[in-house]
Amino acid sequence: MLLGVLLALLVLLYLPNYLQRVEYSKMRGEVQAIDESLGGDLGQKFGSLGKAFVLLAKKAAPSVVHIDTTQNQLRSGGGLFGGLGVQETEMGEASGVIVESNGYIVTNNHVVEDAQEVSVTLSDGTRYDNAEVVNRDPASDLAVIKIPANNLVAAEWGDSDQVEVGEMVLAIGNPFGLDRSVTFGIISAKNRHDVGDGPPKDFLQTDAAVNPGNSGGPLINMGGKIVGINTAIYGPTYQGIGFALPSNAAHAAYDQLKAGHAVVSGYLGVNLAPITPSLARRLGLKTLNGAIVAGVAPDSPAAKAGLQRNDVVTAWDDHAIEDPNLLRLLVARTKVGTTVKVTVLRNGEELKLDITVAERPAQLRQ
């Protein structure tokens, strides 16, 4: 009896420690398995990743420029009747990236749109005043500027279509005037087309820290190539959400702007509205996906194809339409002159229309 009690006490005393050692051994085994799957020492792996970031920053930073802008504003004077206007000078700071060694630089349109003077400072401190604004496009928020220089370090364009959510990226720019700051993050999402005002854009979303002053700087992949041009943030300062114009869209716009052309985009000629629950009930729709045609411009591609008011567009060339912004984006990205099969619902019946996309009129490009 006494022996049994002693055995029970020993079990109670040592069993928890034994189980803890077993659990720890299991955990250590899992860590070892992870270590082996990574090919060796974890510290070495993370150390190599850190060195990769160092090399990427060294490779990309010389291509990033500091942009200073000067804008003259006429302010109303003081006094009972406002007095004479007062000329004030506003200064701005932003970023840009060299894309050709002979001085061509990409930045955002909103950086230079109202600027009287644009200055560019290279990574070695060389400053170029009165940089030339070659061309700009408000719709894509892209601008091309040029400085009289050669043999510059130019960044290479990457393929944004190949970028995956979760992929690591670096954002390089001049937030709050702090030259060539490098931040690290991942691609948080793709195809963010419902961001901001104006024409819809197909943004990449990243959690790499982007702040005022980063506008126009590059988003770099682990190959050291441009996959995006940092353009917007969520809120007045960094909150973990930044947006970049994908490199493929930026590169295509750059080629047109450099050549002195306007950035051409597709045009349908309709006013679109989202599907609300009340509209869905009234039209007998089962979902809120799609875009309602609220109006059709006379003699437009939509009118010629027979698109009518209250039609619900559900697919554009086999691409399902979630909302009006997505449809606007797909139309804009379609090559002018292309005939597209469009699926619409009209009075509960599904129809297929062939629409030939035209060039967006100049007055609608803002």
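Helices (H or I, at least four residues) and strands (E, at least two) are taken here as DSSP runs, numbered from the N terminus. On that basis, Ser63 sits in the loop between helix 2 (42–60) and strand 1 (64–75). The structure is a predicted model, in which local features need pLDDT of at least 70 and side-chain atom pairs count only at pLDDT 80 or more, while totals for chains, interfaces and linings use all residues. Residues are numbered from 1 along each chain as its sequence is written, and side-chain values use heavy atoms, with hydrogens and water left out.

The chain as a whole contains seven helices and 21 strands. Of its 366 residues, 40% count as buried, where buried means under 20% relative accessible area, exposed over 50%, and partly exposed in between (1.4 Å probe, protein chains only). The accessible surface comes to about 19,800 Å², and carbon and sulfur atoms account for 53% of it; these areas come from the Shrake-Rupley method with a 1.4 Å probe, and for residues only the protein chains shown count as cover. A contact means heavy atoms within 4.5 Å. Among contacts between residues at least 6 apart in sequence, 59% join residues at least 24 apart.

Leaving aside residues up to four places away in sequence, Ser63 touches Gly96, Val97, Ile98, Val153, Ala154 and Ala155. With Val153 there is also a polar pairing: a polar atom of the Ser63 side chain lies 2.9 Å from the backbone oxygen of Val153. A polar contact is a pair of N or O atoms within 3.5 Å; within protein, one must be able to donate a hydrogen and the other to accept it, and residues adjacent in sequence count only if both atoms are side-chain atoms.

Strand 3 runs antiparallel to strand 7 (residues 142–146), and four bridges join them; two strands pair if DSSP finds at least two bridges between them. One of the partners in strand 7 is Ala143, which is bridged to Thr107.

Turning to charged pairs, a salt bridge is a side-chain nitrogen of Lys or Arg within 4 Å of a carboxyl oxygen of Asp or Glu. The count by this rule is 10. One of them joins the side chains of Arg136 and Glu113 (3.9 Å, N to O). Because Arg136 lies in strand 6 (residues 132–137) and Glu113 in the loop between helix 3 (109–112) and strand 4 (117–121), the pair ties together parts that are 23 residues apart in sequence. Arg136 is partly exposed at 33% relative accessibility, and Glu113 is partly exposed at 32%.

A salt bridge also forms between the side chains of Asp311 and Arg346 (2.8 Å, N to O). This pair links distant parts of the chain, with Asp311 in the loop between helix 6 (301–305) and strand 17 (312–316) and Arg346 in strand 19 (residues 339–346), 35 residues apart. Asp311 is buried, at 1% relative accessibility, and Arg346 is buried too, at 18%.
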